[in-house]
Amino acid sequence: RAGPWQRAFCSSAAQPGVASHVMLATTEGIPGKVIKEYRGMAIGSTVRTKDMTKDITSAVRAVFGGELPHYTQLMADTREEAIGRLQEHAASQGANAVISLRLTTSNIAASASEVMAYGTAVVVE
């Protein structure tokens, strides 16, 4: 399963069940496409908490340094879910693309993080 960092620069790849026809771009346009309509801001977010059993393993690993694979996977899955929700929101607005895609993260509580994907929902041809 490809993570969001493995998606193409302008991608229509998405998870099954998600509005897969919604293209994504981090730029202000999509090469070879013309923006016909702006539909407003599209947002997708999710909040995840850490698995306390995996948290103990990661705490031990943190003492010795190195990557914390449980957290890496948690954040990758969270980003992918936020992007999927962004695509669904854009599709509900009648858009077939999202431009100027951005991701943000924030801590909600000691063990919970939010990832938000946002951009401009547009209709392109």
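1. Arg-48 and Glu-81 form a salt bridge in this predicted model, with 2.1 Å from N to O. The pair links distant parts of the chain. Arg-48 sits in strand 3, Glu-81 in helix 2 (residues 69-92). They are 33 residues apart.

2. On accessibility, Arg-48 is partly exposed, at 24% relative accessible area. Glu-81 is partly exposed too, at 21%.

3. A search of the whole structure returns four salt bridges. One of them joins Glu-125 to Lys-36 through their side chains, at 4.0 Å from N to O. Glu-125 lies in the segment after strand 5 (112-124), and Lys-36 in strand 3 (residues 35-49). The pair therefore ties together parts that are 89 residues apart in sequence. A salt bridge is counted within 4 Å, so the listed 4.0 Å puts Glu-125 and Lys-36 at the cut-off.

4. Glu-125 is exposed, with a relative accessible area of 57%. Lys-36 is partly exposed, at 48%.

5. Glu-37 and Arg-39 also meet in a salt bridge, at 2.7 Å from N to O. Glu-37 has a relative accessible area of 36% and is partly exposed. Arg-39 is partly exposed as well, at 33%.

6. A backbone point to check by eye: Ser-100. Its phi is near 55°. That is a positive value in a residue other than glycine. Ser-100 lies in strand 4 (residues 97-109).

7. On confidence, the chain averages a pLDDT of 83. Of the residues, 74% score at least 70. Confidence is highest in strand 2 (residues 23-25), at 97. The lowest value belongs to strand 1 (residues 10-11), at a mean of 40.

Methods: Residues numbered from 1 in each chain as written. Predicted model: local features only at pLDDT ≥ 70, side-chain atom pairs only at ≥ 80, totals over all residues. Heavy atoms only, no water. Helix = DSSP H or I, 4+ residues; strand = E, 2+ residues; numbered from the N terminus. Buried < 20%, exposed > 50% of the residue type's maximum accessible area, 1.4 Å probe, protein only. pLDDT = per-residue confidence, 0-100.
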